[in-house]
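Here are some notes for a colleague opening this model for the first time. Please keep the structure in view while reading.

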Amino acid sequence: MRQVLLTLSHSNRVRSAVIALPVSRAIVRRYVAGDEVDDAVRATGELVAQGLRVTLDHLGEDTRDIGQAKAVVNAYVTLLGRLAAEGLASRAEVSVKLSAVGQALPGDGEHIALDNTALICAAARDAGTTVTLDMEDHTTTDSTLSILRELRADFPDTGVALQAYLRRTAADCRDLAYAGSRVRLCKGAYDEPESVAFRKRREVDRSYVRCLRILMAGEGYPMAATHDPRLIEIAGALAVRHGRALGSYEFQMLYGIRPDEQRRLAGQGETVRVYVPYGEDWYGYLMRRLAERPANLAFFLRSLVSRG
Ligand code: FDA
């Protein structure tokens, strides 16, 4: 089922049908702050007031049009200006999907994405905050890491997500565990072939722990992005074992998922950052969240049947 949902996340026909359904809206409200920049700023203010940090994602991916890529850059620049104006920029950064700013464009996509992301990084620096690059499917990993290297020459605090389900990721962690390097470790949300990825849950979890060990032992700034209680505990224990002070690493979770746990960790003095998506283009994000959580899918399907 996970595979089916992740395949459907690329279908334009299913997309049109799903976004028209009221039940989709109901589920989206749990995971997405709203359609507008005002919604993003409001949600950020609420989370910051609870002692949490935020990373904001302007929803959208797989941009096939250069004008659309520019519109995404403008949306981030506007958002960053608002965060600065509202005094939220010291607590809130932004997350960027390179495919939303042109990486998937034919020919010169990588250069276009680099130039566009540099504009967002400059706006983030002016606002007093940072950018983290999300990681998409494995065909983009080399290109994303190459763009990261270029960006870090001018913006050394640019972060990146690595996915524990990829077989290559322990090696990528070793390469990126240097001083000042912000690395978000997540399990991975795409449907990847066995040739490049671990597919069994136990294997992915083991890889997550291996990668976490490398990052916690290294000189960089690890960001443990998971809701998995066992992995959260292991991350905390590894931080202690490696003599890391509070604030020299952080936990990250998604908006709407385990909010009590987010507050519990923050209450213990941990740095906890919530990933807050906003915008109208929520279809791909919703499908990935449904794929992760059979209970959500059951709710979705029951609502569809009861409509009929
Ligand atoms: P797992 O899926 O095993 O979930 C553990 C527990 O968390 C579940 O038992 C449940 O209680 C809860 N939970 C998890 N998902 C839920 C859901 N959808 N609804 C309700 N409860 C849920 N991926 C990627 O490929 N590239 C990226 O850049 C990012 N970025 C990113 C940032 C942040 C801050 C987070 C937290 C995650 C990502 N991800 C990501 C997504 C990540 O790869 C992964 O798909 C999800 O976090 C789910 O994996 P868990 O580690 O939470 O474990």
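**Notes on the fold and its packing**

1. Helix 8 and helix 9 are roughly parallel to each other, because angles under 35 degrees count as roughly parallel, over 145 as roughly antiparallel, 65 to 115 as roughly perpendicular and the rest as oblique. Helices (H or I, at least four residues) and strands (E, at least two) are DSSP runs, numbered from the N terminus. The axes of helix 8 (residues 169-176) and helix 9 cross at roughly 5 degrees and come within 9 Å. Axes are lines fitted to C-alpha atoms, for helices over the stretch in contact, and angles run from 0 to 180 degrees between N-to-C directions. Thr169, Ala170, Cys173 and Arg174 of helix 8 meet Cys211, Ile214 and Leu215 of helix 9. Contact means heavy atoms within 4.5 Å.

2. A word on the basis of these notes. This is a predicted model, in which local features need pLDDT of at least 70, side-chain atom pairs count only at pLDDT 80 or more, and totals for chains, interfaces and linings use all residues. Residues are numbered from 1 along each chain as its sequence is written, and side-chain values use heavy atoms, with hydrogens and water left out.

3. Helix 9 (residues 201-217) also holds serine 207. Serine 207 is buried, with a relative accessible area of 2%. Buried means under 20% relative accessible area, exposed over 50%, and partly exposed in between (1.4 Å probe, protein chains only). Not counting residues up to four places away in sequence, serine 207 touches Ala164 and Phe198.

4. Now the sheet. In the order 1-2-3-4-5-6-7-8, 8 strands close into a barrel with parallel pairing. Neighbouring strands of this sheet are turned by 30 degrees against each other on average, direction ignored. Two strands pair if DSSP finds at least two bridges between them.

5. Strand 5 (residues 182-186) and strand 6 (residues 221-225) run parallel and are joined by 4 bridges. Arginine 182 has tyrosine 221 of strand 6 as its bridge partner. Valine 183 stands opposite proline 222 in strand 6. Strand 6 has 5 of its 5 residues buried, so it is largely enclosed by the rest of the structure. Tyr221, Met223 and Ala225 point one way from strand 6, while Pro222 and Ala224 point the other way.

6. Strand 1 and strand 2 also run parallel, with 4 bridges joining them. Leucine 56 has valine 94 of strand 2 as its bridge partner. Strand 2 is mostly covered, with 5 of its 5 residues buried. Ala92, Val94 and Val96 lie on one side of strand 2, and Glu93 and Ser95 on the other.

7. Which residues have the most contacts inside the largest nonpolar core? They are Leu56, Leu79, Val94, Ile120 and Val276, in a core of 70 residues. Apart from it lies another core, of 22 residues, among them Val32, Leu59, Trp282 and Tyr283. A nonpolar core is a set of buried Ala, Val, Leu, Ile, Met, Phe, Trp, Tyr and Cys residues joined through side-chain atoms within 4.5 Å. Leaving aside neighbours within four places in sequence, the contacts of leucine 56 include Ala40, Tyr76, Leu79, Val94 and Val276.

8. Helix 5 (residues 66-85) lies across strand 1 (53-58), strand 2 (92-96) and strand 8 (272-278). Helix 5 runs at about 155 degrees to strand 1. Helix 5 packs on helix 6 (residues 109-127) at an angle of about 10 degrees, with the axes 9 Å apart. That makes helix 5 roughly parallel to helix 6. Residues making the contact include Ile66, Val73 and Leu80 of helix 5 and Ile112, Leu119 and Ile120 of helix 6.

9. Alanine 71 is also in helix 5. Alanine 71 is partly exposed, at 37% relative accessible area.

10. Helix 3 (residues 22-31) has Val23, Ser24, Ile27, Val28 and Tyr31 as its buried residues. They cover an arc of only 135 degrees around the axis, which puts them on the same side of helix 3. The arc is that of the directions from the helix axis to the C-beta atoms. The face turned away from the buried side of helix 3 carries the exposed residues Pro22 and Arg29.

11. Last, glutamine 262 lies in helix 11 (residues 259-267). Glutamine 262 counts as buried, at 2% relative accessibility. Not counting residues up to four places away in sequence, glutamine 262 touches Leu52, Met253, Leu254, Ile257, Val272 and Val274.
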